[in-house]
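Subject: Structure handover

Hello,

Here is the structure I said I would pass on. My notes on it follow below the entry.

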Amino acid sequence: MSWGTELWDQFENLDKHTQWGIDFLERYAKFVKERLEIEQTYAKQLRNLVKKYCPKRSKDDEPRFSSCLSFYAILNELNDYAGQREIVAEEMGHKVYGELMRYSQDLKSERKHHLQEGRKAQQYLDHCWKQMDNSKKKFERECREAEKSQLSYERLDNDINATKSEVEKAKAQLYLRTHMADESKNEYAAQLQNFNGEQWKHFNVAIPQIFKNLQDMDERRTVKLGETYRSFAEVERRVIPIISKCLEGMVAAAKSVDERRDSAIVIESFKSGFEPPGDFPFEDFSQNIYRTGSDGTISTPKNEGVRPDPKHSLGKAKNKLWLFGKKPKAPTLEDFSHLPPEQRRKKLQQRIDELSKELQKEVDQRDALNKMKDVYEKNPQMGDPSSLQPKISETMCNMERLRSEIHKNESWLSEVEGKQSARGDRRPSAEVNHHTPHGRESPEGSYTDDPSQEHRSPPQPDPHEFDDEFDDDDPLPAIGHCKALYAFNGENEGTLVMKEDEVLYIIEEDKGDGWTRARKQSGEEGYVPTSYVEITLEKNSKGS
């Protein structure tokens, strides 16, 4: 079916229809634009989300738990998924929206051209019609004038009173009008024939061709819409395989979560290497009650026989040893002695590995410099061999420094591994809990209350003051007792040597410097590290 034959008289409606077609195409293009903007926003939000939950981390902070690794794998897959959404938006913008807008401009130009041709053809037909109509009206006027001239001539010819000249004049007028009417008739006939011919060509040739062009244009527009609909779907279809791989990667990441492995990592990360504490020994505080006044060289403090407050003792023990107590931040030491043995061993091994890698780099650099030096010596034109000597010397110094560092760290590592193996061979007694202190660590791996106390020296009192105190026949009264958690060699002046699990009397509390003044049962007095003992104060001496 052709618009030219079926719609020969619907020029105005075809004008409206083709305009509607272009408007619809541009409306669809606007839809595609908004869709690709949604895709762009969606992809941007996904990337921001991934960036938010996958922050930059140092090498030491990299997650090792399978649940964390799986989550970051999912974030990576989601980032790739966002990239595919960006590809969808880009393809829609280039292959659909951009193509539609270019095609819309072409359609507008083509439609304008066809409609202009149609209007020109219609204007030419109207012009022919006007010429034919004018000739028709002229012919009609001439015929009426000829009829009037004929009536006038017949009236004068039948009038006996009319003169011959009047009759001749009327006859001549009749002849003239009749001739003019004949000419108008011929002109009208020619114009009518011309108009009919132009009208036939207009409705059978020109208009059908123009309408056919409009029909072809509209059909191409429809086909183009179908193609862009298909392209719209194909853009999505092309990314489906990659999106499927992203989703499969997420599923694989979910399947890689291993709860047992994570539990093992927790053990590896926090294992201190200490053994659990054994049973507390029975402490007999009544041994001095039965002494007579003559058999005791040391006066029994008044408060020694008072039963310790179990609540207070438990509270002190909790502050020092409780597994879930607050863990203060300790200063980082070069030999990692502030860490539990197992953690210290791992840190030292890690440092040795890093230093070994650096040493290997320096060795490779030295070998390369030596080879270059040999080349320069054999081919002086290539360079001066002496210019490489400073760099070689620097490399050798670096190698010696790194070897020294490795040796130092290996000695520390051997010390830790030796202690661990020795501790593994020992068995805890039912009476005594054998633990060797390591830095400021308690057996449970908790830190001491004072991070800096390990490196503090005991308070240095006036020498005469010590003489007065220790030589006084009346020693200071005991305000409580303590049990040594670790052995202390007491190398500094004023400190007291103690063995692990030894019970001492407290004669002066910690003043905030990390040292507590204590006395042995033999009467020897001195300072011991507060973190090395478990203190129990007597109830009636509390706060004195």
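Which hand does the crossing of H2 and H4 have? The crossing is left-handed, a term used when the near helix is turned anticlockwise from the far one by less than a right angle, with clockwise giving right-handed. Before the rest, some ground rules. This is a predicted model, in which local features need pLDDT of at least 70 and side-chain atom pairs count only at pLDDT 80 or more, while totals for chains, interfaces and linings use all residues. Residues are numbered from 1 along each chain as its sequence is written, and side-chain values use heavy atoms, with hydrogens and water left out.

Overall content

The chain has nine helices and five strands. Helices (H or I, at least four residues) and strands (E, at least two) are DSSP runs, numbered from the N terminus. Read from the N terminus, the order of elements is α-α-α-α-α-α-α-α-α-β-β-β-β-β. Of the 544 residues in the chain, 37% are buried; buried means under 20% relative accessible area, exposed over 50%, and partly exposed in between (1.4 Å probe, protein chains only).

Helix H2 covers residues 11-53 and helix H4 residues 164-255; their axes come within 11 Å and cross at roughly 15°. Axes here are lines fitted to C-alpha atoms, for helices over the stretch in contact, and angles run from 0 to 180 degrees between N-to-C directions. The angle makes H2 roughly parallel to H4. The cut-offs are under 35 degrees for roughly parallel, over 145 for roughly antiparallel, 65 to 115 for roughly perpendicular, and oblique for the rest. The contact of H2 with H4 has 15 nonpolar, four polar and five charged residues. In these classes Ala, Val, Leu, Ile, Met, Phe, Trp, Tyr, Cys and Pro count as nonpolar, Asp, Glu, Lys and Arg as charged, and the others, Gly among them, as polar.

H2 also packs on helix H3 (residues 66-158), at an angle of about 165° and with the axes 8 Å apart. That makes H2 roughly antiparallel to H3. The crossing of H2 with H3 is left-handed. Their contact has 29 nonpolar, eight polar and 11 charged residues.

For H3 and H4, the axes come within 6 Å and cross at roughly 175°. H3 is therefore roughly antiparallel to H4. The contact of H3 with H4 divides into 45 nonpolar, 20 polar and 26 charged residues.

Aromatic pairs

Rings of Phe, Tyr and Trp (its six-membered ring) pair if their centres lie within 6.5 Å; planes under 30 degrees apart count as stacked, over 60 as edge-to-face and the rest as tilted. The count comes to 12 aromatic pairs. One of them joins Phe31 and Phe232, with ring centres 5.8 Å apart and planes at 40°, so the pair is tilted. Phe31 lies in H2 and Phe232 in H4, so this pair ties together parts that are 201 residues apart in sequence. Phe31 is partly exposed at 42% relative accessibility, whereas Phe232 is buried at 14%. Tyr28, Phe31, Tyr229 and Phe232 form one aromatic cluster.

Phe71 and Tyr72 make a tilted pair, at 5.8 Å centre to centre and 50° between the planes. Phe71 is partly exposed, with a relative accessible area of 35%, and Tyr72 is buried at 18%.

The sheet

Five strands form an open sheet in the order S4-S3-S2-S1-S5, with antiparallel pairing. Two strands pair if DSSP finds at least two bridges between them. The edge strands are S4 (525-529) and S5 (533-537), each of which pairs on one side only. Neighbouring strands of the sheet are turned by 40° against each other on average, direction ignored.

Strand S1 (residues 480-484) pairs with S2 in the antiparallel sense over four bridges, and Lys483 stands opposite Val503 in S2. S2 (residues 503-508) pairs with S3 (residues 515-519), also antiparallel, over three bridges. Tyr505 has Arg519 in S3 as its bridge partner. The hairpin of S2 and S3 has six residues between the strands, and Gly512 there takes a positive phi near 105°. Five of the six residues of S2 are buried, so S2 is largely enclosed by the rest of the structure.

Regards
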